[in-house]
Amino acid sequence: MSATDKPAGRKQAWLTVSSGSGAPTRQLLRGKVIVIGRAPSNQVVVDASTVSSRHCEIRRNGDAYEVRDLGSTNGTFLNGERVEQGPLGMDDEIRLGKAGPVLGFQVEIVPEVVFDKTITLTDSRVRREESAATEETKSAKDKGTSVTSHDEELISDAVARARKARSAGQADQTQIIMREMLGVSNARSGKRHKAIIKALVVALVAVAALGYWRADQVRQEKTDLDLQIQRIDGQLASGELDQQEIDGLMERLDDYQRQAQSIQNGLLFKWGILGEDQLFIQQEVRTLMRTFGAEAYSIPPEFIDEVNRFIERYQTSDRPHVERVIGKSRADLERMRTIFDEEKLPPDLSYMALVESAFLAGSYSRAGAAGPWQFRAATARAYGLEVTKELDERYDVEKSTRAAAVYIRRLILDFGSGSSVMLALAAYNVGPGKVRRAVRKIEDPIKQRNFWYLYRARALPTETREYVPKIIAAIIVGRNLERFGFADASENAAAVSVP
């Protein structure tokens, strides 16, 4: 291939952060100056005793990168040598302090997205089978029948058994499996579900007849679409685009998401061919997004990265906060969950108090915010709390949580429908006025209420872009204490159980 034939692309740099506690994390380097240190305000936070508050920075000049020490106490080492500044190349190592955490520097070429290519499914036979099954399903629904969760479990099991039998060279077992499945379903349901079961059988036949080779094709088609989506997300994350470029990328992103969603909603995908390799945290994030009305096919990788980063912090440097919640503050969390449930809000939003105050008794900030929900005096009074020299109800768990629930509900109403819960979280963090000023930079009134558009377009304040994934991380940890290494999770399961 000649130089002129070389695929177009751009350089994108990453840091792999290994702090010695927990699994290494990989962070995309965005912007021209990336500050690294222990302070939470840094773009890359490394919480270790050898690391200064603002330890060093990485500067980008075109496609070139260099590291500069910022007067750190223990120094910055590049490939084993202490430096004030030095150029960065592929697989270079930055150590924060002589025996401190190691950051691996990597650069990769991200191909430019080709927008004139339409990805389509191959094999018209499978498309006809899926289309027939979908039409049968639609017809059955029009007649008033429906698939129950039991039906879907039954079909999913039958599909898995048929595939397993075929891979073992026992294709003749398919008919037996089908008859068993129909017998169980008809015995349970009678005539009412026969139309819908007919549609499900079509899907089973398609799976059994076409085998794994088709699964690989569908998987590859969806992978191609997901890759296109990731590339667009990478361009949006660069922060170097004007509004017209952002809108153009968003349109393409929506198109690819629709195509990928169509595959994901297909019967073959739904009943066990694809999706088994989704990461646990991504699944948890999607579950919460459905709860909050902010579901999307593609969640920005940057958002997932932030959630992962904060989960790691809850397992390490912020571990005492989680242990406090499931320990001595257990009763307070239980009461908060009950109040949110009574106020018709997702009980998991009670974990906002973990992010706000870490459930520290007498929590008070330099900005004048106090109590578990970190109300400022004026806001607290506006929502019915008494704040005087003699009495400060911001510290009353019952009353302050009631006030917080009313405030959050009002924020949800203020910011419209759809992903409004996510925008309400943002507004709780920085105030509704600041969020309104940020979203008004976007002219389209529909996009002003789309959290994922605002996140990708980097229209929200930096602290909000961190605050929202931190809440999501707190909720995920709270829902899965044992998975994330909290030994006493079983003893305190009642405190964090999901209703």
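**Exercises on a predicted protein model**

In this predicted model, residues 24 or more positions apart account for 61% of the contacts in the protein chain with a separation of 6 or more.

**Exercise 1.** State what the pLDDT says about the protein chain, and find stretches where it is below 50.

*Solution.* Start with the average: the protein chain has a mean pLDDT of 74, and 63% of the residues score at least 70. Next, look at residues 1-7, where the pLDDT is below 50. Beyond near neighbours in sequence, residues 1-7 have two contacts in the model. Then turn to residues 208-213, where the pLDDT is also below 50. This second stretch has 12 contacts beyond near neighbours in sequence. Where pLDDT is low, the predicted coordinates should not be read in detail.

**Exercise 2.** Work out what lines the second largest pocket.

*Solution.* The volume of this pocket is about 1100 Å³. Its lining consists of 35 residues, and Val355, Glu356, Gln374, Asn429 and Tyr467 lie nearest the centre. Now assign helices: α8 (301-315), α11 (352-357), α14 (420-430) and α17 (462-479) each supply at least two lining residues. Finally, sort the lining by class: 18 residues are nonpolar, eight are polar and nine are charged.

Definitions and conventions:
Residues are numbered from 1 along each chain as its sequence is written. This is a predicted model: local features need pLDDT of at least 70, side-chain atom pairs count only at pLDDT 80 or more; totals for chains, interfaces and linings use all residues. Side-chain values use heavy atoms; hydrogens and water are left out. pLDDT is the predictor's confidence in each residue, from 0 to 100. Contact means heavy atoms within 4.5 Å. On a 1 Å grid over the protein atoms alone, a cavity is a set of points where a 1.4 Å probe fits but cannot get out, and a pocket is an open set with protein on both sides within 12 Å along at least five of seven lines; lining residues have an atom within 4 Å of a point. Grid points are joined across faces, edges and corners, and a volume is the space filled by probe spheres set on the points. Helices (H or I, at least four residues) and strands (E, at least two) are DSSP runs, numbered from the N terminus. Ala, Val, Leu, Ile, Met, Phe, Trp, Tyr, Cys and Pro count as nonpolar, Asp, Glu, Lys and Arg as charged, and the others, Gly among them, as polar.
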